[in-house]
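Here is a short note for a colleague who is new to this model. Please keep the structure open while reading.

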Amino acid sequence: MQSQPTPEHVDAWQARAALCELAAFSFRYPGKELAEALDSGEWADAACEISQTLGLSLPEGFAEQLRSETSENEACASGSESEGDRSLHALRAEATRLFIGSPEPVVSPYEGVWAALDDGVQPLLFVNPKSMEVERFCRACGLGRPEGTNEPLDHIGTEFELLQYLALLSAGIALPAPDGPRAEDFPGGSPEAAYEAFVSEHARFWMPRFADKVIAETRLPFYRSAAELLNAFFA
């Protein structure tokens, strides 16, 4: 007979799910919601609360640098451009420079690109071993590419969405898709095991290096803070 999860177990997995959701939200192409969360202080508050719950160590002044950025935006906003519009414009310009680029991004958000560079081969989206591994892992957990999208599943945002889903299942506050594999058929035999396997075999392989490069290259305190949150998670 399977024992009931303790409140501490549920709280820990809920906090992991919240961190993964925040990370996915942070490294997707910015929308109005991210700009508003940053300007209101909600993003910094969430990052600090989740980190405290999980016992993560954030750099000194983590929240203060974001609040300082918000104050600068307020001071610089013109009468024709609201604070939120200014923040969104700055976020999108930096996200484009960092993660999309022309012709190449400063920091690739795809696991397969990092693996190809490690191997000294030309990175190709979709048709590289790591990207295909991630796609198989997602399918084994009952997830696939969302309808109407055409993006490799090894994007950092999508990988964190997978981890969020597995953490929610592990917390017992979500159920596997009814037409998908049973929880015991997930990689490793459970959502918890699948989560740990994906972190070990995929996320930890490249995300700390991604975070370090973002910290070194970004011109916005927000992306530095988001990357520092990743480093605290993987420390």
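1. Start with Met-207. Its contacts, leaving out residues up to four places away in sequence, are Ile-156, Glu-159, Phe-160 and Phe-234. Contact means heavy atoms within 4.5 Å. Met-207 belongs to helix 9 (residues 191-217). Its relative accessible area is 0%, so Met-207 is buried. Buried means under 20% relative accessible area, exposed over 50%, partly exposed in between (1.4 Å probe, protein chains only). Glu-111 is 96 residues away from Met-207 in sequence, yet the two are 8.0 Å apart in space, C-alpha to C-alpha.

2. A word on the basis. The model is predicted: local features need pLDDT of at least 70, side-chain atom pairs count only at pLDDT 80 or more, and totals for chains, interfaces and linings use all residues. Residues are numbered from 1 along each chain as its sequence is written, and side-chain values use heavy atoms, with hydrogens and water left out.

3. The overall make-up comes next. The chain has 10 helices and zero strands. Helices (H or I, at least four residues) and strands (E, at least two) are DSSP runs, numbered from the N terminus. Of the 235 residues, 43% count as buried. Take the contacts between residues at least 6 apart in sequence: 69% of them join residues at least 24 apart.

4. Look at helix 1 (residues 7-27) against helix 3 (residues 42-54). They pack at an angle of about 145°, and their axes are 9 Å apart. Axes are lines fitted to C-alpha atoms, for helices over the stretch in contact, and angles run from 0 to 180 degrees between N-to-C directions. From helix 1, the contact includes Ala-12, Ala-15, Leu-19 and Phe-25; from helix 3, it includes Trp-43, Ala-46 and Ile-50. The residues of this contact divide into 11 nonpolar, two polar and one charged. Here Ala, Val, Leu, Ile, Met, Phe, Trp, Tyr, Cys and Pro count as nonpolar, Asp, Glu, Lys and Arg as charged, and the others, Gly among them, as polar.

5. Helix 2 (residues 32-40) has Leu-34, Ala-35, Ala-37, Leu-38 and Asp-39 as its buried residues. Just after helix 2 comes Gly-41, with a positive phi of about 90°.

6. Where does His-155 lie? It is in the loop between helix 7 (129-140) and helix 8 (156-171). His-155 counts as buried because its relative accessibility is 7%. Not counting residues up to four places away in sequence, His-155 touches Phe-27, Arg-28, Pro-109 and Tyr-110.

7. How many aromatic pairs does a search of the whole structure find? There are 14. Rings of Phe, Tyr and Trp (its six-membered ring) pair if their centres lie within 6.5 Å; planes under 30 degrees apart count as stacked, over 60 as edge-to-face and the rest as tilted. Phe-99 and Tyr-223 are edge-to-face, 5.5 Å centre to centre with 80° between the planes. This pair links Phe-99 in helix 5 (residues 83-100) to Tyr-223 in helix 10 (residues 221-234), 124 residues apart. Both residues are buried. Ring pairs also join a cluster, including Phe-27, Trp-43, Phe-99, Trp-206 and Tyr-223.

8. Finally, charges over rings. The charged end of Arg-16 sits over the ring of Trp-13, 4.4 Å from its centre. Lys-130 places its charged end over the ring of Phe-205, 4.5 Å from the centre. The test is NZ of Lys or CZ of Arg within 6 Å of the ring centre and within 35 degrees of the ring normal.
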